[in-house]
Amino acid sequence: MKEPFRADMEMIRRRAREKMDQGAVTSAYRADREQVISVLNEVLATEIVCTLRYKNHYYMCRGVHGDTVAEEFLQHAREEEQHADQVARRIAQLNGVPNLNPEGLATRSHAEYKDVSELEEMIREDLAAERVAIATYSEIIRWLGDDDPTTRRMMEEILAKEEEHADDLANLLQDLGSH
Ligand SMILES: [Fe+2]
Ligand SMILES: [Fe+2]
């Protein structure tokens, strides 16, 4: 059987009162905070680039299938923006600074921003970006392990949404192909 849960309450209470200015970060935080913040800033850049790419595609899509696809692009853009907000909030909670500097944004991002004009090309670009995000976020989740469960849970939630996005896009591509 597992060992019963036991905590040195006296020590935890004392440590909680030392470094109160560190807010949510206590001595029980096992991850390398600086490294987590820097990885989260890359995720933040990725989410912003994805938001911008989807917005561009939303305004630029034309043609017979334009309307249905546009709605999908807009919904994805909004969800990527929500991810960016979640990640920025977590960075601040970890006493880091969310990097929202437009300079270097594309370099910090895992996903790419390319200008394309054809509807099908747009969907392909978005699908590629989602697949990059899925691969890197999965790695981040494995890397976090049990060291920062809150960040891991957030990343798992975001990953699930990116998988949904990739699935939506694959279905759109299929629909286009069958017409
Ligand atoms: Fe996202
Ligand atoms: Fe996505």
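Residues are numbered from 1 along each chain as its sequence is written, while chains are lettered from A and ligands numbered from 1 in the order in which they are written. Because the model is predicted, local features need pLDDT of at least 70 and side-chain atom pairs count only at pLDDT 80 or more, totals for chains, interfaces and linings use all residues, and side-chain values use heavy atoms, with hydrogens and water left out.

Start with the iron ion (ligand 1). Which residues hold it? Its donors are E47 (OE), E47 (OE), E80 (OE), H83 (ND1) and E162 (OE), at 1.9 to 2.6 Å. A donor here is an N, O or S atom within 2.8 Å of the metal (3.2 Å for Na, K and Ca); water is not among the atoms, so sites may look incomplete. Along the chain, the donors of ligand 1 follow the spacing E-x32-E-x2-H-x78-E. E47 lies in helix α2 (residues 33-60) and H83 lies in helix α3, so this pair ties together parts that are 36 residues apart in sequence. Helices are DSSP runs (H or I, at least four residues), as are strands (E, at least two), and they are numbered from the N terminus.

Are E47 and H83 buried or exposed? E47 has a relative accessibility of 1%, so it counts as buried. H83 is buried too, with a relative accessible area of 4%. The cut-offs are simple: buried means under 20% relative accessible area, exposed means over 50%, and partly exposed lies in between (1.4 Å probe, protein chains only).

Now move to the iron ion (ligand 2). Its protein donors are E80 (OE), E130 (OE), E130 (OE), E162 (OE) and H165 (ND1), lying 2.0 to 2.3 Å from it. Their spacing along the chain reads E-x49-E-x31-E-x2-H. E80 is buried at 0% relative accessible area. H165 is also buried, at 0%.

How far apart are the two iron ions? They are 3.9 Å apart, and E80 coordinates both.

Next, look at the helices themselves. Helix α3 has 28 residues and reaches 40 Å from its first C-alpha to its last, close to the 40 Å expected at 1.5 Å a residue. The expected span is 1.5 Å times one less than the number of residues. The axes of α3 and α6 come within 11 Å and cross at roughly 170°. That makes α3 roughly antiparallel to α6. Axes are lines fitted to C-alpha atoms, for helices over the stretch in contact, and angles run from 0 to 180 degrees between N-to-C directions. Angles under 35 degrees count as roughly parallel, over 145 as roughly antiparallel, 65 to 115 as roughly perpendicular and the rest as oblique. Residues that make this contact include E80, H83 and V87 of α3, and M154, I158, E162 and H165 of α6. Contact means heavy atoms within 4.5 Å.

V87 leads on to the core. In general, nonpolar side chains tend to be buried together in soluble globular proteins. The largest nonpolar core here has 44 residues, and those with the most contacts inside it are L40, F73, V87, I123, Y137 and M155. Such a core is a set of buried Ala, Val, Leu, Ile, Met, Phe, Trp, Tyr and Cys residues joined through side-chain atoms within 4.5 Å. Helices α2, α3, α5 and α6 each give two or more residues to this core. Leaving aside neighbours within four places in sequence, V87 is in contact with L40, V43, L44, M154 and I158.

Helix α5 (residues 119-144) also holds E125. E125 is buried, at 16% relative accessibility. Beyond its neighbours within four places in sequence, E125 is in contact with R53, H57, K114 and V116.

Finish with the loops. Most residues other than glycine have a negative phi. N95 is not a glycine, yet it has a positive phi of about 65°. N95 lies in the loop between α3 and α4 (105-108), and it is partly exposed at 37% relative accessible area. K19 also has a positive phi, near 35°. K19 is found in the loop between α1 (9-17) and α2. K19 is exposed, with a relative accessible area of 57%.
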